[in-house]
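Reader: I am new to this structure. Please take a close look at the salt bridges and tell me what surrounds them.

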Amino acid sequence: KRLGLNRALLADLDPSTGVINFLLKLKWPYSFLDALSQSGSLDGDIWRGLVCSTHGVDVLLAPENGVEPMVDLPDPLPIVDFTRSAYDVVMLDLGEPFSPWALSLAAAADQILLVSTNELPALRSAQRVLQHLDRNHIERGKVRLILNRYNPEAGLTQDAIETALHTDVTHVLPSDYEAVQKALVEGKTVAGGTPFTKSLQAL
């Protein structure tokens, strides 16, 4: 939004553990489940009732109480297709990447941002995600590896990570604990001018 994109959507499509409503302190009676139930008749008027807005960005929330992990969700692609026509940029937060639901969304995405820290357990998980995406024919070229809270003194260096995972690191977000923690506590975006915000703008 700060970079001039007038129509932006953040959609929490993590069925079981979505936390965007908690992080941004948002209360709204509707979630992506309601959008799925209306997928055959979605239009601008219905959509405006399903999303809430914060900081000039529309937000589609995950259900407050989550969805049982074994529940089969409907095809998410009607929502994706609708949002593509309605927004300049759409960011989908998927949570875990291993369900058919997440794979369907990953296949539809223009880019996939795989976020990890540079600590060994997190990188092992990232490696498993990359292997899973490869096995399911998700194009590796659209996967972007992002290192968050990067601290070379507390984990692997960027060069070592690229060698171990056989993929380039697209971007490194610095460890900026105080600025990020303050934003989380207040339910706001990170203040402008901080190292973290500048790095996000570069991304």
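Author: Glu 186 forms a salt bridge with Lys 182, and the closest N and O atoms are 2.9 Å apart. A salt bridge here is a side-chain nitrogen of Lys or Arg within 4 Å of a carboxyl oxygen of Asp or Glu. Side chains of opposite charge can pair when their charged atoms come close.

The model is predicted: local features need pLDDT of at least 70, side-chain atom pairs count only at pLDDT 80 or more, and totals for chains, interfaces and linings use all residues. Residues are numbered from 1 along each chain as its sequence is written, and side-chain values use heavy atoms, with hydrogens and water left out.

Why are Glu 186 and Lys 182 separated by about one helical turn? Because they are four residues apart in helix α8 (residues 177-186). Helices are DSSP runs of H or I with at least four residues, and strands are runs of E with at least two; both are numbered from the N terminus. Glu 186 is partly exposed, with a relative accessible area of 35%. The cut-offs are these: buried is under 20% relative accessible area, exposed is over 50%, and partly exposed is in between (1.4 Å probe, protein chains only).

How many salt bridges does this rule give? The count comes to five. One of them joins Asp 45 to Arg 48, with the closest N and O atoms 2.3 Å apart. Asp 45 and Arg 48 sit three residues apart in helix α3 (residues 44-50), so about one helical turn separates them. Asp 45 is exposed, at 57% relative accessible area. Arg 48 is exposed too, at 56%.

Arg 140 pairs with Asp 134 in a salt bridge. Their closest N and O atoms are 2.5 Å apart. Arg 140 counts as partly exposed, at 29% relative accessibility. Asp 134 is also partly exposed, with a relative accessible area of 35%.

Now for a nonpolar part of the surface. Met 91, Leu 113, Val 115, Leu 200 and Leu 203 form a nonpolar patch there, with about 420 Å² of accessible area together. Patches take residues with over 30% relative accessible area and no salt bridge; like charges are joined within 9 Å, and nonpolar side chains (Val, Leu, Ile, Met, Phe, Trp, Tyr) within 5 Å. Accessible areas come from the Shrake-Rupley method with a 1.4 Å probe; for residues, only the protein chains shown count as cover. Val 115 lies in strand β5 (residues 112-116). Val 115 is exposed, with a relative accessible area of 51%.
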